[in-house]
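Here are some exercises to work through with the sequence and the 3D view side by side. Try each task yourself before you read its solution.

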Amino acid sequence: MLQTRLIAPADNAHQAPLLIKRLLLSGIRYEKTREIVYRDQLRYSYATLNERVARLANVLSEAGVKAGDTVAVMDWDSHRYLECMFAIPMIGAVLHTINIRLSADQILYTMNHAEDKFVLVNSEFVPLYKGIESQLTTVEKTILLTDAAEKTADLAGLVGEYENLLAAASPRYDFADFDENSVATTFYTTGTTGNPKGVYFSHRQLVLHTMAEASVLGSLDSIRLLGTNDVYMPITPMFHVHAWGIPYVATMLGIKQVYPGRYEPEMLCRLIKEEKVTFSHCVPTILQMVLAAPGAQGHDFGGLKMIIGGSALNRSLYEVAKARGIQLTAAYGMSETCPLISCAHINDELMAGSEDERTTYRIKAGVPVPLVEAAIMAADGTLLPADGESQGELVLRAPWLTQGYFREPEKGAELWEHGWLHTGDVATIDDFGFIDIRDRIKDVIKTGGEWISSLELEDLISRHPAVREVAVVGVVDPQWGERPFALLVLRDGQSLDAKGLKEHLKPFVDQGSINKWAIPSQIALVTEVPKTSVGKLDKKRIRLDIVQWQAAGSPFLSTV
Ligand code: AMP
């Protein structure tokens with residue numbers, strides 16, 4: 001460590017800790033009357049939001065929640081979730097955002113592992129909760145969340161129904177200061193194997209992440225995604241990395257927020273139109289689903305700006321969205337990284353180039369945002385040059401990365417090997433600073449000694465006009481080690497077979513974009529591609545399905 005001159009504070013100088021409450025208190029200064037909207041059911045002002053957060057803090061404290069306790073939430077995206085994102089950490093407790101799309105066994109595992117003491121359960125999840133209730137080892141009390149007229153449920157330790165409890169509580173709460181390094185949130189991420197792993201973030205980390213995210217979304221002229229006059233609605237579940245942290249940004253800036261509850265394409269389109277939503281974000285498969293929904297046909301999305309992250313944004317989706325009036329910008333992050341790491345930025349040099357080149361950059365993983373360090377690492381731990389050519393694992397450093405996995409020190413040590421956070425993604429970084437994700441390490445296909453990126457192949461296949469959705473995985477092959485296999489969903493009334501796909505890909509081989517081994521010799525035409533709990537392509541499940549189809553000689557396989 002360098003011997004620097006450290007600040008010696010005066011005895012009476014205030015040390016302002018970076019606490020989440022500061023974000024809430026900032027929004028109301030800007031806009032007291034701006035609205036928080038929940039579906040077509042509820043709307044209230046920022047002044048009311050502040051009161052409701054205080055009421056919730058009183059409810060929780062009176063129910064016995066203490067600093068350091070873990071309070072879990074099982075809800076769709078709602079105003080209640082937003083209130084929990086503030087009230088729970090603001091009383092010094094830890095918010096556990098439960099991934100309600102996991103299996104009941106996995107939810108049970110995460111709740112016991114996180115040592116949840118209090119749970120807020122949406123009535124729609126009561127049957128699921130009842131199925132695991134007797135096996136929960138640490139839960140003492142529950143609160144019912146519901147939109148229905150029935151305000152009670154058969155839950156052990158039920159304190160009451162959320163709205164009734166809030167109505168009866170005081171709208172004032174004196175939120176104390178405490179150490180900014182206190183854990184504020186936790187949630188679980190599922191890998192390809194083993195149990196879900198718990199990541200966790202402190203107040204300091206969330207505040208710094210919010211500041212960086214706000215500056216990137218609001219200040220980069222080439223993308224200008226979120227300003228104070230925008231209207232924000234997430235289409236990323238709030239349990240998936242705090243809806244990418246954007247509710248914290250929106251609240252800090254006093255931006256109008258719309259929460260859609262359970263994702264129903266018709267409701268999403270209606271809210272976009274009626275509430276005049278201008279900014280949102282989601283993973284590519286969810287956007288595809290929304291655009292293809294019957295209720296979205298003929299819908300004018302003009303003026304909507306969206307961040308697409310969580311998986312690669314391919315050119316075809318970018319163009320389809322553009323034709324419907326939506327400006328997409330790619331960003332990259334992961335559960336372990338809070339999540340924002342990088343976001344597209346079109347600099348002066350790219351501005352001077354062609355529109356086609358700009359699109360190529362808008363769909364890459366982007367440039368690391370302020371305070372993030374990104375590098376490419378070889379398997380032996382040496383750092384490789386950022387020359388756009390050298391491929392290796394993307395490794396990261398930033399003030400807001402999880403410091404480990406909850407109660408799993410060995411996995412945490414692996415995550416942080418060589419002092420960098422390991423993403424498990426193969427990438428390059430080019431001269432413009434752009435990260436290009438080539439593949440997940442586990443998804444790269446090795447055929448006849450050649451490496452093939454499943455993401456690149458998906459991008460090229462998606463450009464075929466008949467293709468609505470595509471997933472590419474490697475399947476074991478006795479001769480080549482692995483061969484690429486493509487799973488396709490076709491657009492209505494269209495047809496394509498393995499031979500037609502080969503003809504589509506041949507020009508990309510001729511121009512050197514891919515090698516000839518990258519052309520799948522077998523494809524499957526399906527009506528739906530399996531998705532993970534957060535809406536991404538479920539490649540683990542796809543590989544298993546293919547093995548079964550091949551064994552059974554399934555009729556939807558097509559071979560050249
Ligand atoms: P999760 O922890 O579920 O959010 O998943 C994180 C993973 O999603 C990353 O490690 C990447 O493999 C993938 N991912 C996220 N953003 C992008 C992107 N812009 N391009 C390609 N892959 C991405």
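**Exercise 1. Sort the residues of the lining of the second largest pocket into nonpolar, polar and charged.**

Step 1: The lining divides into nine nonpolar, one polar and three charged residues. Here Ala, Val, Leu, Ile, Met, Phe, Trp, Tyr, Cys and Pro count as nonpolar, Asp, Glu, Lys and Arg as charged, and the others, Gly among them, as polar.

Step 2: Keep in mind that this is a predicted model, where local features need pLDDT of at least 70, side-chain atom pairs count only at pLDDT 80 or more, and totals for chains, interfaces and linings use all residues. Residues are numbered from 1 along each chain as its sequence is written, and side-chain values use heavy atoms, with hydrogens and water left out.

Step 3: The volume of this pocket is about 200 Å³. Of its 13 lining residues, Leu-25, Asn-50, Glu-51, Ala-54 and Pro-171 are the closest to the centre. (A pocket is an open set of points on a 1 Å grid over the protein atoms alone where a 1.4 Å probe fits, with protein on both sides within 12 Å along at least five of seven lines; lining residues have an atom within 4 Å of a point. Grid points are joined across faces, edges and corners, and the volume is the space filled by probe spheres set on the points.)

Step 4: At least two lining residues come from each of α1 (21-30) and α2 (46-62). (Helices, H or I with at least four residues, and strands, E with at least two, are DSSP runs numbered from the N terminus.)

**Exercise 2. Find which residues come nearest to the ligand.**

Step 1: Among the 14 residues around the ligand, the nearest are Ala-331, Ser-335, Asp-425, Arg-440 and Lys-536. (Near means that a heavy atom lies within 4 Å.)

Step 2: Ser-335 places a polar side-chain atom 2.7 Å from a ligand oxygen atom, while a polar backbone atom of Ala-331 is 2.8 Å from a ligand nitrogen atom. (A polar contact is a pair of N or O atoms within 3.5 Å.)

Step 3: β14 (326-333), β20 (421-429) and β21 (435-440) each give two or more residues to the shell. The largest share, three residues, comes from β14.

**Exercise 3. Locate the cis peptide bond.**

Step 1: Look at Cys-338 and Pro-339, which are joined by a cis peptide bond with omega about 10°.

Step 2: Pro-339 sits in the loop between β14 and β15 (340-343).

Note on methods
A polar contact is a pair of N or O atoms within 3.5 Å; within protein, one must be able to donate a hydrogen and the other to accept it, and residues adjacent in sequence count only if both atoms are side-chain atoms.
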